[in-house]
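Open the model in your viewer and keep the selection tool at hand. This tour goes stop by stop.

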Amino acid sequence: MAPVATELKLGKKINEGKTKEVYELPDLPGYVLMQSKDQITAGNAARKDHMEGKAAISNTTTSCVFQLLHEAGIKTAFVRKHSDTAFIAAQCEMIPIEWVCRRIATGSFLKRNPGVKEGYKFYPPKIEMFYKDDAANDPQWSEEQLIEAKFCFAGLTIGQTEVDIMAHSTQAIFEILEKSWLPQNCTLVDMKIEFGVNITTKEIVLADVIDNDSWRLWPSGDRSQQKDKQSYRDLKEVTPEALQMVKRNFEWVAERVELLLKTKSQDRVVVLMGSSSDLGHCEKIKKACANFGIPCELRVTSAHKGPDETLRIKAEYEGDGIPTVFVAVAGRSNGLGPVLSGNTAYPVVNCPPLSADWGAQDVWSSLRLPSGLGCPTILSPEGAAQFAAQIFGLSNHLVWAKLRSSILNTWISLKQADKKLRECTL
């Protein structure tokens, strides 16, 4: 996408909703401007009020959420924040379905499912879909109804494959945001999202907005502290004082949502190679770590020829308190991994560069270890980096988000490949 000047030439208004307007960008074909409004609504606009500053609050929230998801690897329409109240997005033909993902039973779910108590938890999260039709009050739909509707957007027919992709994406997006709110001691109860078909790439992408109208957020898991739009829905009477309370809730979310893009965790992978001849193998590990946003350092040391130096290097990284995973890269007889594992409480993984001639014999020095050692062996450089990422993902939501997104994107690739193969066969 070409650089965008501060002033954008706006084309015709493509669409207008309750809380936003969508404009063409004549100088940027295939892109639109999403302009938020200072308006808050509930019950399909049965209740509607002007809330000064809401457009900027909503735009900040949406921009941060979409940036988080985009950096994790989720395909979205979001391009970048343009102003306090607008962002640039890829133009999409919207699929008229609201996808809802729930971790905790509350709200309309309880009305539709009498007998279920509020607070019931869904494992995995429950996915529901609702057809966007204000006149019919957005009725709940089944997968079968969506498939039989035979929708076609931007040349893409919505069939079983596309429905499955949206369902799996909804769960992954919810889980990423749920995990990201936990460091703020905030529970993501449920959320609604929408998808569109990118008119340029013909791909299904997360579109529209995700702001404080889109979810339920309970600090400390306590509904009485809710900070989302439910605080507006629950008002018996809308007074200026009540609207200020709602606005403070929205501001609270907008301030903290920026923290989702950061982590307090400091993580590091240190690759120790027995010889600089293994540098190419180690560079692959470093590149894979970078994909997860994990810093990686490369060192050369031999546990056979310089055990004192190996242990000195190990102590150097233990001493600064940064959580570290050591990756031992040693061909032939691997003493490096076992020596490290026997002398540190930090995780160690063997990633030997096996040769075609002796690899079948050499690998046993990484697999057959003395008792008391716990260093696994992963032959793939990318696999070793992923192993480290899975360890760091336990406490770093940004790394976890990349892992979760990778799982989703691999699943989508397989689903699409299967569809393409079946179409060719038929």
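The model is predicted, so local features need pLDDT of at least 70 and side-chain atom pairs pLDDT 80 or more, while totals for chains, interfaces and linings use all residues. Numbering starts from 1 along each chain as its sequence is written, and side-chain values use heavy atoms, with hydrogens and water left out.

**Stop 1: H1 and H6**

Select residues 54-72, helix H1, and residues 240-257, helix H6. Helices (H or I, at least four residues) and strands (E, at least two) are DSSP runs, numbered from the N terminus. The two axes come within 9 Å and cross at roughly 30°. Axes here are lines fitted to C-alpha atoms, for helices over the stretch in contact, and angles run from 0 to 180 degrees between N-to-C directions. H1 and H6 are therefore roughly parallel. H1 passes H6 in a left-handed crossing. Left-handed means that the near helix is turned anticlockwise from the far one by less than a right angle; clockwise is right-handed.

**Stop 2: H1 and H4**

H1 passes H4 in a right-handed crossing.

**Stop 3: the cavity**

Which helix gives the most to the lining of the largest cavity? H1 does, with five residues. A cavity is a set of points on a 1 Å grid over the protein atoms alone where a 1.4 Å probe fits but cannot get out; a pocket is an open set with protein on both sides within 12 Å along at least five of seven lines; lining residues have an atom within 4 Å of a point. There is one cavity of 30 Å³ or more. The largest cavity holds about 70 Å³, a volume being the space filled by probe spheres set on the points, which are joined across faces, edges and corners. Select its lining residues, including Thr19, Lys37, Asn59, Phe87 and Asp211. The lining has three nonpolar, five polar and four charged residues. Nonpolar covers Ala, Val, Leu, Ile, Met, Phe, Trp, Tyr, Cys and Pro; charged covers Asp, Glu, Lys and Arg; the others, Gly among them, are polar.

**Stop 4: two backbone details**

Go to tyrosine 123 and proline 124: a cis peptide bond joins them, with omega about -5°. Proline 124 lies in strand E10, residues 121-131. Next, select aspartate 138, in the loop between E10 and strand E11 (140-141). Aspartate 138 has a positive phi of about 50°, although it is not a glycine.

**Stop 5: the second largest pocket**

This pocket has a volume of about 410 Å³. It is lined by 20 residues, and the closest to its centre are Asp278, Ala330, Gly331, Arg332 and Ser333. Six are nonpolar, ten polar and four charged.

Key:
Angles under 35 degrees count as roughly parallel, over 145 as roughly antiparallel, 65 to 115 as roughly perpendicular and the rest as oblique.
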